[in-house]
Amino acid sequence: MIKVLINGYYGQMGQVISQEIKKDTEMELVAGVDKNKSNNCDDFNIYNNIFDCNEDIDIIIDFSHPSSLPNLLKYSMEKNIPLVIGTTGFSNEDIEKIENTSKKIPIFYSANMSLGINVLVSIVKDIAPILEDSFDIEIIEKHHNKKIDAPSGTAYMIADEINKELNNSKEYVFGRNTKTNKREKKEIGIHAIRGGTIVGEHSVMFAGCDEVIEIKHSASSKKIFAQGAIKAAKFLYNQENGLYNMENLIKK
Ligand SMILES: NC(=O)C1=CN([C@@H]2O[C@H](COP(=O)(O)OP(=O)(O)OC[C@H]3O[C@@H](n4cnc5c(N)ncnc54)[C@H](OP(=O)(O)O)[C@@H]3O)[C@@H](O)[C@H]2O)C=CC1
Ligand SMILES: O=C(O)C1=N[C@H](C(=O)O)C[C@H](O)C1
């Protein structure tokens with residue numbers, strides 16, 4: 001059995017992942033970490049501080065908050081435990097720290113663990129260079145009203161992947177709000193909507209003259225992310241040090 005610690009255990013994702021692990025025959029949840037909240041549940045301990053955990057852990061799954069990153073990386077590195085990160089809202093410096101730490105332990109990082117979004121990314125990467133000359137690119141994401149970061153990690157990931165295909169020629173414009181400037185060709189517009197219980201929607205629009213192509217992914221349950229994170233954890237368990245993402249998982 002692969003022994004798992006969930007960081008962000010009492011969060012929405014932490015709870016769904018915990019339920020999914022309970023149904024899994026190859027994995028066992030042995031500890032949880034969450035800020036401010038600790039309860040001794042029936043089967044295992046929940047810690048406020050990851051450094052209080054001395055359990056035997058095979059893999060850590062993190063869906064929490066960027067503030068958790070320094071301790072998470074330090075603990076995983078000191079104990080030599082592979083780490084799956086699903087948290088979003090990281091700064092460029094945070095991403096650099098993740099990259100550096102992945103030279104010492106295996107790390108899997110993806111802002112979106114669903115198969116569908118990762119297929120969407122590969123489609124838009126293919127068509128962006130064909131459409132670039134005559135179509136404007138806009139990304140619209142919609143999420144629940146409890147989401148902290150905006151725009152979503154996935155919206156950034158989609159924009160970055162498109163931009164790489166276009167030789168980083170694009171600039172991002174977030175939520176248009178101007179009375180004096182019209183849209184420029186070099187822009188990718190990124191727009192965030194927050195409301196109710198929307199699980200997660202991402203739409204990439206290529207708007208041309210008299211025609212529009214819109215490619216959209218809609219999540220109707222958090223289970224798709226939890227199941228993706230569990231697959232990622234099983235994949236990462238056998239990997240060498242390095243930074244992995246959904247592309248590595250899908251292509252394996
Ligand atoms: N990659 C993917 O596929 C997906 C990524 N996400 C991302 O995962 C993250 C969590 O999402 P979600 O579960 O909905 O959010 P929640 O706010 O419901 O859960 C986060 C949990 O982490 C806790 N937390 C906050 N800071 C720390 C810390 N320093 N150490 C340990 N725990 C901490 C929070 O406590 P408190 O409430 O007290 O602050 C909360 O219990 C977000 O960044 C979200 O964008 C979400 C879905 C899919
Ligand atoms: O906070 C969420 O809920 C989600 N966050 C991720 C993101 O920021 O892209 C992924 C998913 O869309 C759900």
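This report describes the domains, helix packing, ligand shells and local backbone features of a predicted model.

Local features are given only where pLDDT is at least 70, and side-chain atom pairs count only at pLDDT 80 or more, while totals for chains, interfaces and linings use all residues. Residues are numbered from 1 along each chain as its sequence is written, and chains are lettered from A and ligands numbered from 1 in the order in which they are written.

**Domains**

Domain 1 covers 2-113 + 223-251 and domain 2 covers 115-219; these bounds come from an automatic or database domain assignment. The C-alpha centres of domain 1 and domain 2 are 28 Å apart. Between the domains, 8 residues of domain 1 are in contact with 11 residues of domain 2, where contact requires that the C-beta atoms of two residues, placed from the backbone, lie within 7 Å. On the domain 1 side, α6 (223-237) and α7 (246-251) each supply at least two of the touching residues. Helices (H or I, at least four residues) and strands (E, at least two) are DSSP runs numbered from the N terminus. That side of domain 1 has 4 nonpolar, 4 polar and no charged residues. Here Ala, Val, Leu, Ile, Met, Phe, Trp, Tyr, Cys and Pro count as nonpolar, Asp, Glu, Lys and Arg as charged, and the others, Gly among them, as polar.

**Helix packing**

Axes are lines fitted to C-alpha atoms, for helices over the stretch in contact, and angles run from 0 to 180 degrees between N-to-C directions.

| Pair | Axis distance | Angle |
|---|---|---|
| α1 (residues 12-22) and α6 | within 9 Å | roughly 60° |
| α4 (residues 115-131) and α5 (residues 153-165) | within 9 Å | roughly 30° |
| α2 and α3 (residues 92-101) | 11 Å | about 0° |

Angles under 35 degrees count as roughly parallel, over 145 as roughly antiparallel, 65 to 115 as roughly perpendicular and the rest as oblique. The helices α1 and α6 are therefore oblique to each other. Their crossing is right-handed; a crossing is right-handed if the near helix is turned clockwise from the far one by less than a right angle, and left-handed if anticlockwise. From α1, the residues Met13, Val16, Ile17, Glu20 and Ile21 meet Lys223, Phe225, Ala226, Gln227, Ala229 and Ile230 of α6. By class, this contact of α1 with α6 has 8 nonpolar, 1 polar and 2 charged residues.

For α4 and α5, the axes cross at roughly 30°. This angle makes α4 roughly parallel to α5, and the crossing of these two helices is right-handed. Ile117, Val121, Val124, Lys125, Ala128 and Pro129 of α4 make the contact with Thr154, Met157, Ile158, Glu161, Ile162 and Glu165 of α5. The residues of the contact comprise 8 nonpolar, 1 polar and 3 charged.

In the remaining pair of the table, α2 and α3 are roughly parallel to each other. Leu69, Leu73 and Met77 of α2 contact Asp94, Lys97 and Thr101 of α3. There are 3 nonpolar, 1 polar and 2 charged residues in the contact of α2 with α3.

**Ligand shells**

A residue belongs to a shell if its C-beta atom, placed from the backbone, lies within 6 Å of the molecule. There are 27 residues around ligand 1, of which Gly8, Gly11, Met13, Ser68 and Gly86 come nearest. The helix α1 gives the most to this shell, with 3 residues. By class, the shell around ligand 1 has 7 nonpolar, 17 polar and 3 charged residues.

Around ligand 2 are Thr88, Ala111, Asn112, His143, Lys147, Ser152, Gly153, Thr154 and Gly200. Of the residues in this shell, 1 is nonpolar, 7 are polar and 1 is charged. Domain 1 and domain 2 each contribute at least three residues to the shell around ligand 2.

**Local backbone features**

The peptide bond from Ala150 to Pro151 is cis, with omega near -5°. Pro151 sits in the loop between β7 (136-143) and α5. Asn80, a residue other than glycine, has a positive phi near 60°. The loop that holds Asn80 runs between α2 (69-79) and β5 (83-85).
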